[in-house]
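Reader: I am new to this structure and would like a close look at one part of it, the salt bridges. Please take me through them pair by pair.

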Amino acid sequence: MPGGRLTQQERQQIALGLADGLAYAEIARRLDRPTSTVTREVMRNGGPGGYRADLAHRATEHRAHRRKQAAPRDPKAPAQTHGRDAEAVRAYEETFTTVLMQAGTPKMMARVLSCLYITDAGSLTATELVERLQVSPASISKAIAFLEGQGLVRRERDERRRERYVVDNDVWYQSMMASARGTAQLAETARQGVGILGPGTLAATRLENIARFVDFVSESIARAAEQAREVLYTKPESSSETTT
């Protein structure tokens, strides 16, 4: 993060910016910080409606102190493999988690999903998730139940009969198609209002325009998802070219 950790004064400026209704990008510009830094800071500390500069500063100091006292991570952890920078991986995991939260995923569920996605295997056991995220088994169980209900993860048994939680490549296709169906339903509901409010009226015209716009977007999403579905299962050409 350019310039190191956020200072207490910068956090106060963030709080003032949120109170004034400024976008994350504008707050970041005024602080000369990346937008992702401000976004992650706010989402980790109560969100735009609950952010408090003093509480955020104390929470950050507490996390830093706790990290210093924590035992070293397992050297077999993915963050240490393939020449990866462990700190860079942790920062990226936080960023990915924040983006998932902005998309509407609850915090614990977003942490679990992000953790699964950045593992090479794309799967972990409940015990591994507990160790990596430093949370209770109950928290993992609740998160998995939610994610499974949303079709974002699935369960399978490995060779040792342990239950593993897996992120399926096809989940993004299913997510896009679900979004398209939801959007199409919105269009249908808007069009129902045309007959009720009277064709030709200002309100009906507004709803008809919404329906036509949403129809186009919904069809475009579904068509693009179908056309791009195979990309989810295609390895980059560079991978095969560098393999000996």
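Salt bridges in the predicted model

Author: E156 and R154 form a salt bridge, with their closest N and O atoms 2.9 Å apart. E156 has a relative accessible area of 32% and is partly exposed. R154 is partly exposed too, at 34%. The model is a predicted one, and the count of salt bridges in it comes to 14.

Another of these pairs is R90 with E87, where the closest N and O atoms are 3.0 Å apart. Both residues belong to helix 6, which covers residues 86-102. They are three residues apart, or about one turn of the helix. R90 counts as partly exposed because its relative accessibility is 25%, and buried would require under 20%. E87 is also partly exposed, with a relative accessible area of 49%; exposed would require over 50%.

R164 and E128 form a salt bridge as well, at 3.4 Å from N to O. R164 lies in strand 3 (residues 163-166) and E128 in helix 8 (residues 126-133), so this pair ties together parts that are 36 residues apart in sequence.

E26, R29 and R30 are joined in a network of salt bridges.

Notes:
Residues numbered from 1 in each chain as written. Predicted model: local features only at pLDDT ≥ 70, side-chain atom pairs only at ≥ 80, totals over all residues. Heavy atoms only, no water. Salt bridge = Lys/Arg side-chain N within 4 Å of Asp/Glu carboxyl O. Helix = DSSP H or I, 4+ residues; strand = E, 2+ residues; numbered from the N terminus. Buried < 20%, exposed > 50% of the residue type's maximum accessible area, 1.4 Å probe, protein only.
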